[in-house]
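Please examine the sequence and the three-dimensional model shown below. The paragraphs that follow lead through the domains, the pockets, the ligand surroundings and some backbone features.

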Amino acid sequence: MPLHVVILAAGQGKRMRSALPKVLHGIAGRPLLAHVIDAARALKPERIYVVHGHGGEKVRAAFAGAAIEWVEQARQLGTGHALLQALPLIPRTATVLVLNGDVPLVRAAMLRRLVRSAGKGIAIATSDLSDPAGYGRVLRDAGGRVLRIVEEKDATRSERAVREWYAGFLAGNAGRLAGWLARVANRNAQKEYYLTDVIGIVANAGATVSAVKATDRMEVAGVNSREELAILERAYQNAQAKKLLAAGVQLADLWRVDVRGELACGEDVAIDVNCVFEGRVRLGDRVRIGPNCVLRDVSVAADTEILAFSLLEGAVVGSGCRIGPYARLRPGASLGAGVHLGNFVEVKASRFGARSKANHLAYIGDAEVGRDVNVGAGTITCNYDGARKHRTVIEDDCFIGSDATLVAPVRIRKGSYIGAGSTISKDTPRGQLTLARARQVSVRRWTPPRKPAGRT
Ligand code: UD1
Ligand code: CA
């Protein structure tokens with residue numbers, strides 16, 4: 001039977017108190033909806049439909065180019081009404097899996113169980129893992145048969161006392177679901193067409209409602225407020241931290257690490273507190289990351305140490321390097337083995353050969369730095385003339401004195417020694433000392449200025 005997935009994502013999410021549509025709020029740096037779509041894709045469905053409405057343009061733009069059928073729900077009249085917008089597009093013989101766009105951490109295994117359990121009736125995901133406040137309660141008869149779901153706002157006191165709640169996913173045959181859904185009314189506290197009312201209709205019709213119980217509270221947690229979002233983010237990060245620990249990574253604190261993407265680590269990697277990893281990050285064997293570092297789309301080879309408060313983005317770092325504290329690598333920085341970059345050194349779109357060093361306060365941009373080069377404190381590559389960027393080449397074995405200004409395009413030839421404070425605007429010859437600064441003079445006889453009389 002072909003599988004079609006419908007994700008309900010048209011609601012505003014009033015309780016978020018935000019101009020951003022709820023499903024675009026992020027967990028681990030990705031929209032809630034992206035997480036749900038990932039789980040759906042793992043089932044290899046024929047199609048995925050996303051019902052959008054509130055902030056629909058923004059939602060579509062965030063997923064431009066993705067293989068998604070967009071279905072508009074012009075007015076948000078409830079989850080049942082939302083599903084009705086998509087059903088006419090789905091073949092009647094298909095199995096439909098309906099997901100809430102605001103339950104982000106659901107996993108494929110649970111969804112597969114749902115699809116398998118649907119049969120001729122309907123299968124719903126339920127949970128009694130945590131406090132059901134705000135959720136729809138699952139009501140059963142004495143024999144344990146599911147009778148219906150009651151939304152909290154419509155529930156009596158004794159119904160509210162029920163622990164089992166609807167987790168926001170269900171599966172059933174498309175044609176039959178359309179028939180049942182047509183009978184849902186909006187006579188309830190919120191004047192909405194509840195998808196959950198279908199359960200009672202199915203049970204009344206004598207068809208089976210199978211409940212698939214969740215075994216992990218994170219995968220059924222919905223996001224309705226910023227507090228729930230923050231709690232879920234931390235739970236998600238904690239789960240990632242545990243995976244890293246299990247894989248042999250040393251973490252100083254499993255509550256203070258954030259992975260917003262993919263982090264691949266070699267053996268005996270050590271990560272101190274408050275580090276953030278974004279995009280794709282690879283850390284080689286024995287790499288050590290100091291506290292408060294941010295690494296985005298970076299690869300770091302074995303035995304390199306990144307010291308506290310460093311920010312690395314789009315960089316490739318060789319083995320045995322020492323970076324930071326307070327270093328900044330920008331996109332296109334590429335460092336050979338044994339490079340040292342110290343505090344307040346910024347490197348952009350530049351290569352450093354093996355063993356070269358810039359230990360303090362420098363800007364190296366659009367440059368080619370050879371091997372065994374020493375860049376003194378305060379050195380600046382003047383790469384921008386106001387209109388265009390130009391390259392600086394510093395060949396092997398050069399020594400650049402402190403506070404040198406290298407005006408690009410310029411080439412510092414092999415073994416050059418640049419005197420401190422020089423402004424270099426012409427290529428230098430190999431192996432020579434080049435100075436480009438005013439000569440120092442001392443005046444033996446001179447009269448210091450005097451203050452006018454009467455003033456102190
Ligand atoms: C819903 C369920 C509740 C369940 C909970 C699980 C209903 C009526 N209630 O409650 O039983 O315990 O999820 O998380 O289904 N949406 C639309 N169009 C609408 C209304 C909502 O697309 O007209 C979308 C929302 O964007 C959201 C999802 O449907 O992604 C759920 O809507 P929400 O209002 O959050 O429902 P809950 O009150 O959480
Ligand atoms: Ca919800």
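Helices (H or I, at least four residues) and strands (E, at least two) are here DSSP runs, numbered from the N terminus. The model is a predicted one, in which local features need pLDDT of at least 70 and side-chain atom pairs count only at pLDDT 80 or more, whereas totals for chains, interfaces and linings use all residues. Residues are numbered from 1 along each chain as its sequence is written, chains are lettered from A and ligands numbered from 1 in the order in which they are written, and side-chain values use heavy atoms, with hydrogens and water left out.

The protein chain is assigned domain 1 (3-220) and domain 2 (240-434), with bounds that come from an automatic or database domain assignment. Taken over C-alpha atoms, the centres of domain 1 and domain 2 are 48 Å apart.

The pockets come next. A pocket is an open set of points, on a 1 Å grid over the protein atoms alone, where a 1.4 Å probe fits, with protein on both sides within 12 Å along at least five of seven lines; lining residues have an atom within 4 Å of a point. Grid points are joined across faces, edges and corners, and a volume is the space filled by probe spheres set on the points.

The largest pocket holds about 1300 Å³ of space. It is lined by 41 residues, of which Arg-15, Thr-79, Asp-102, Glu-192 and Asn-224 are the closest to its centre. Both α3 (79-86) and β10 (165-173) supply at least two residues of this lining, and β10 gives the largest share, three residues. By class, the lining of the largest pocket comprises 15 nonpolar, 17 polar and nine charged residues. In this division Ala, Val, Leu, Ile, Met, Phe, Trp, Tyr, Cys and Pro count as nonpolar, Asp, Glu, Lys and Arg as charged, and the others, Gly among them, as polar.

The second largest pocket has about 430 Å³ of space. Among its 19 lining residues, His-35, Leu-105, Arg-107, Tyr-236 and Lys-243 are the closest to the centre. At least two lining residues come from each of α1 (32-41), α8 (226-246) and β13 (257-265). Domain 1 and domain 2 each provide at least three residues of the lining of the second largest pocket, which divides into ten nonpolar, three polar and six charged residues.

Which residues come nearest to ligand 1? They are Gln-73, Gly-78, Thr-79, Glu-151 and Tyr-166, out of 25 residues around the ligand, where a residue counts if one of its heavy atoms lies within 4 Å.

Some backbone features remain. The Gly-324 to Pro-325 peptide bond is cis, with omega about 5 degrees, and Pro-325 sits in the loop between β21 (322-323) and β22 (328-329). Ala-408 and Pro-409 are also joined by a cis peptide bond, with omega near 0 degrees; Pro-409 belongs to the loop between β32 (405-407) and β33 (410-412). Asn-274, although not a glycine, has a positive phi of about 60 degrees.
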